[in-house]
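Try each task before reading its solution.

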Amino acid sequence: MTEYEGRIRLVFKDRPLAMHTLARPAHEAARCAGAAGKYWAYHDRLFAAQPRFRRADLLVYASELGLHSDTFARCLDEHRFAADVDRDVDEAQALGINSTPTFLINGQRVIGATSIEEFRAVIEKALRERR
Amino acid sequence: MRTAASYARCVKGLPRRGARSPRVYYSSMWTILALVVLAVGSAPPAARAQVEITWSPSMVKGPTGAPVTIVEFSDYQ
């Protein structure tokens, strides 16, 4: 992102896989953090803590980021963003995206954690096409 | 120009009764081909799956007018 600052927009979409039983609450929790303006900080915290995503863990991460504990816990327990996560999953399924991570770079699909060189090549191609 | 009857007589080995002349077969073949071309030509174009990708503003980084958009579908676990 830093390398291409100003030329790239990154959109994160939830695609918790069914076999990852702890992923779903983590995705909902991240959206709760997002509602308090801390989506990306929480996102980074989750990846750093992977896969410790029990409820107590999720509350600790929120607290570490200075989020209001009660508000966050209520958001999580009420599954306030469940429908939003569902919508992302539906979109992924409609696109045939069944493995993670999957990237769409100006529509071009890149599946899996590929090398930085491959990413650069796809991004550079997309930039050339937009000139 | 030969008539259909005289043409049939020119084809050796064909039984006189119960067999159609080659002209009848060619005619049928052209009719079927014309129908296939007509059917293909008038068929609506195949529907292309279009999926509208939505996003939450809090889950986006980078400027709106950026020339490249990366949509990442990911799983935290």
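This is a predicted model: local features need pLDDT of at least 70, side-chain atom pairs count only at pLDDT 80 or more; totals for chains, interfaces and linings use all residues.

**Exercise 1.** Find the domains of chain A and state how many Å separate their centres.

Solution. Begin with the division of the chain: domain 1 of chain A covers 1–97, and domain 2 covers 101–131. Next, take the centres over C-alpha atoms; they are separated by 24 Å.

**Exercise 2.** Are helices α1(A) and α2(A) roughly parallel or roughly antiparallel?

Solution. Locate helix α1 at residues 23–35 and helix α2 at residues 39–49 of chain A; they pack at an angle of about 150°, and their axes are 7 Å apart. Angles over 145 degrees count as roughly antiparallel, so α1(A) is roughly antiparallel to α2(A). Now look at the contact: α1(A) brings A26(A), A30(A), A33(A) and G34(A), while α2(A) brings Y39(A), Y42(A), H43(A) and L46(A). As for handedness, the crossing of α1(A) past α2(A) is right-handed.

**Exercise 3.** Which element gives the most to the side of chain A that touches chain B?

Solution. First, count the partners: 43 residues of chain A are in contact with 24 residues of chain B. Then compare the elements: β1(A) gives the most, with six residues. Finally, follow β1(A) across to chain B, where it pairs with strand β2 (residues 68–74) in the parallel sense over seven bridges. Within β2(B), T69(B) stands opposite R9(A).

Technical notes. Residues are numbered from 1 along each chain as its sequence is written. Chains are lettered from A and ligands numbered from 1 in the order in which they are written. Domain bounds come from an automatic or database domain assignment. Axes are lines fitted to C-alpha atoms, for helices over the stretch in contact, and angles run from 0 to 180 degrees between N-to-C directions. Helices (H or I, at least four residues) and strands (E, at least two) are DSSP runs, numbered from the N terminus. Angles under 35 degrees count as roughly parallel, over 145 as roughly antiparallel, 65 to 115 as roughly perpendicular and the rest as oblique. A crossing is left-handed if the near helix is turned anticlockwise from the far one by less than a right angle, and right-handed if clockwise. Two residues are in contact if their C-beta atoms, placed from the backbone, lie within 7 Å. Two strands pair if DSSP finds at least two bridges between them.
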